[in-house]
Amino acid sequence: MHYLRAKLSLDGDELGIAAFDDQDSARLGILSQADALLVRPAFDPARAVGETVRYLPLRA
């Protein structure tokens with residue numbers, strides 16, 4: 001499994017999620033901006049915009 005730092009967004013009733021481009025583990029500033037971890041299974045192919053994905057919220 002891969003856990004990508006990501007940002008959640010709300011557009012009306014639609015919840016969106018976008019992974020940060022830079023996932024380097026040393027970039028703690030990006031971790032402080034993230035409010036979710038996008039869960040990506042090993043060998044998961046690229047996803048199209050709008051597909052459903054799993055995530056773990058980092059803030060209540």
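Patches first: I take them as residues with over 30% relative accessible area and no salt bridge, with like charges joined within 9 Å and nonpolar side chains (Val, Leu, Ile, Met, Phe, Trp, Tyr) joined within 5 Å. Accessible areas come from the Shrake-Rupley method with a 1.4 Å probe, and for residues only the protein chains shown count as cover. A salt bridge here is a side-chain nitrogen of Lys or Arg within 4 Å of a carboxyl oxygen of Asp or Glu.

**Ground rules**

I am working on a predicted model, where local features need pLDDT of at least 70, side-chain atom pairs count only at pLDDT 80 or more, and totals for chains, interfaces and linings use all residues. Residues are numbered from 1 along each chain as its sequence is written, and side-chain values use heavy atoms, with hydrogens and water left out.

**Entry: the patch**

I looked for nonpolar surface and noted a patch of about 310 Å², made by Met1, Tyr3 and Leu56. Leucine 56 sits in strand S4; strands (E, at least two residues) and helices (H or I, at least four) are DSSP runs, numbered from the N terminus. I logged leucine 56 as partly exposed because its relative accessible area is 40%. My classes are buried for under 20%, exposed for over 50%, and partly exposed in between, with a 1.4 Å probe and protein chains only.

**Entry: the record**

I checked UniProt, where an unreviewed entry places "domain: MoeA C-terminal" at residues 2–58. The positions there are in the numbering used here, the feature names are shortened, and annotations may be inferred rather than shown by experiment. Over residues 2–58 I get 11% helix and 44% strand, with the end C-alpha atoms 16 Å apart.

**Entry: proline 57**

Also in strand S4 I looked up proline 57. Proline 57 goes down as exposed, since its relative accessible area is 52%. Skipping residues up to four places away in sequence, I find proline 57 touching Asp35 and Ala36; contact means heavy atoms within 4.5 Å. From proline 57 to valine 39 I get 11 Å, C-alpha to C-alpha, for 18 residues of sequence.

**Entry: salt bridges**

How many salt bridges does the rule give? The count comes to 5. One of them links the side chains of aspartate 22 and arginine 27, at 2.5 Å from N to O. Both partners are partly exposed, because aspartate 22 has 27% relative accessibility and arginine 27 has 42%.

Next I went to aspartate 44, in the loop between S3 and S4. Is aspartate 44 buried or exposed? I call aspartate 44 buried because its relative accessible area is 18%. Aspartate 44 forms a salt bridge with arginine 40, where the closest N and O atoms are 3.8 Å apart. Arginine 40 counts as partly exposed because its relative accessibility is 30%. The side chain of aspartate 44 also meets that of arginine 47 in a salt bridge, 3.2 Å from N to O. Which residues end up in one network? Salt bridges with shared partners join Arg40, Asp44, Arg47 and Glu51.

I also listed the aspartate 44 and arginine 47 side chains as a polar contact at 3.2 Å. For that term I need a pair of N or O atoms within 3.5 Å; within protein, one must be able to donate a hydrogen and the other to accept it, and residues adjacent in sequence count only if both atoms are side-chain atoms.

**Entry: arginine 47**

Arginine 47 is in the loop that runs from strand S3 (36–40) to strand S4 (54–57). I have arginine 47 as partly exposed, because its relative accessibility is 40%. Not counting residues up to four places away, arginine 47 touches Thr52 and Val53.

**Entry: phenylalanine 43**

In the loop between S3 and S4 I also checked phenylalanine 43. Phenylalanine 43 is not a glycine, but has a positive phi of about 65°. I flagged this because most residues other than glycine have a negative phi. Phenylalanine 43 is exposed, as its relative accessible area is 85%.

**Entry: serine 9**

Last stop, strand S1 (residues 2–11), which holds serine 9. I class serine 9 as partly exposed because its relative accessibility is 43%. Beyond its neighbours within four places in sequence, serine 9 contacts Glu14, Leu15 and Gly16. Serine 9 and valine 53 are 44 residues apart along the chain, and I get 14 Å between their C-alpha atoms.
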